[in-house]
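Notebook open, viewer open. I'm jotting down what I look up as I go.

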Amino acid sequence: MCQLLALSCAEPTDVTFSLTGFAARGGLTDHHVDGWGVAFYEDRACRVFVDEKPAYQSPVAEYLKSYPIKSRNVVAHIRKATQGAARVENCHPFMRELRGQQWVFAHNGDLRPFGEIEQSPFAPVGTTDSEAAFCFIMNRLYAHFGNQSDIDDIDAVFDVIEQATRTLNPYGIFNFVLSNGKVQFAYCSTRLSYVIRRWPFSSARLVDGDLSVDFAERGTPADRTAVIATTPLTDEAWTFCEPGDLLMFHSGVLMRRAHVPVPADVLATSKYAPSEQSAVAA
């Protein structure tokens with residue numbers, strides 16, 4: 001399966017530390033070598049970088065380590081292909097625009113083919129189940145907010161995403177992160193975790209590399225960051241999501257949670273093991 005990473009920050013934040021550990025999973029400390037990508041939001045605009053090369057040996061990744069971009073919302077993905085070749089058009093995160101907002105999406109899992117609603121303006125460019133699922137969600141958002149509804153109502157957006165998740169859940173494993181640059185949505189189908197860093201800060205060491213940071217040296221009381229990842233990136237005390245958790249983060253705060261049950265047959269065929277997550281937490 002792929003690896004997910006998302007950050008929700010109260011202030012523009014240099015995320016090089018998290019990206020360094022995350023990129024190592026793209027072929028160095030893990031076997032995800034079929035491409036990678038990252039999206040940085042800067043105010044209303046979004047910069048997306050993707051590469052079909054493994055993250056640990058990607059020139060794009062090296063460039064970003066030497067040219068850190070400060071952002072309040074970040075979505076990143078390391079790919080292990082299940083559907084679609086290792087090509088740029090199949091690399092996450094995918095991006096679409098809706099009513100002046102740039103949405104990005106990354107998925108970890110494997111979905112069987114599913115139908116699409118009628119009069120759908122969003123369609124996949126590549127050949128992945130992930131991009132098809134993203135377009136499905138965007139079409140649901142378009143159907144609800146395309147005309148007069150207020151897309152800035154994040155609770156209403158959450159409700160639409162919740163219903164779309166319920167529709168897609170029976171088709172397979174569907175861990176995902178999704179952002180419009182203001183909030184981060186995250187769903188745990190089988191495996192997802194998060195940590196919230198707030199004042200007073202402490203230090204952290206990467207799980208995937210010999211690098212540590214003392215956040216107290218650079219943080220202020222106004223700073224707060226939620227880091228969401230498939231598995232913990234650091235030695236901090238992470239919270240492990242339960243299968244079915246749908247979360248919404250804003251400015252580093254967990255704003256809302258819902259439970260969207262994962263079908264028993266999906267869990268039965270996955271590699272999810274609660275005891276394995278508990279061992280990591282310890």
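I take contact to mean heavy atoms within 4.5 Å. With that, residues 24 or more positions apart account for 72% of the contacts in the chain with a separation of 6 or more.

Ground rules: this is a predicted model, where local features need pLDDT of at least 70 and side-chain atom pairs count only at pLDDT 80 or more, while totals for chains, interfaces and linings use all residues. Residues are numbered from 1 along each chain as its sequence is written, and side-chain values use heavy atoms, with hydrogens and water left out.

**Overall.** I looked up the elements: six helices and 15 strands. These are DSSP runs numbered from the N terminus, helices being H or I of at least four residues and strands E of at least two. Of the 282 residues, 52% count as buried (under 20% relative accessible area; exposed is over 50%, partly exposed in between, 1.4 Å probe, protein chains only).

**Sheet.** I traced an open, antiparallel sheet of six strands, ordered β5-β6-β7-β8-β14-β15. Two strands pair if DSSP finds at least two bridges between them. β5 (94-98) and β15 (253-259) are the edges, each pairing on one side only. I zoomed in on β8 (184-187) and β14 (245-250), which pair over four bridges; Ala-186 has Leu-247 of β14 as its bridge partner.

**Helices.** Angles here run from 0 to 180 degrees between N-to-C directions, with axes as lines fitted to C-alpha atoms, for helices over the stretch in contact. Helix α3 (129-145) lies across β5, β6 and β7, at about 135 degrees to β6. Helix α4 (154-168) touches β6, β7, β8, β14 and β15, and makes about 40 degrees with β15.

How do α3 and α4 pack? Their angle is about 135 degrees and their axes are 10 Å apart. That makes α3 oblique to α4 (under 35 degrees is roughly parallel, over 145 roughly antiparallel, 65 to 115 roughly perpendicular, the rest oblique). Residues that meet include Phe-136 and Leu-141 in α3, and Val-160 and Ile-161 in α4.

I checked omega and found a cis bond from His-92 to Pro-93, near -5 degrees, with Pro-93 in the loop between β4 (70-78) and β5. Another cis bond joins Trp-199 and Pro-200, omega about -5 degrees. Asp-43 is not a glycine, yet its phi is positive, about 60 degrees; Asp-43 counts as exposed at 70% relative accessibility. Arg-99 has phi near 50 degrees, sits in the loop between β5 and β6, and is partly exposed at 40%.
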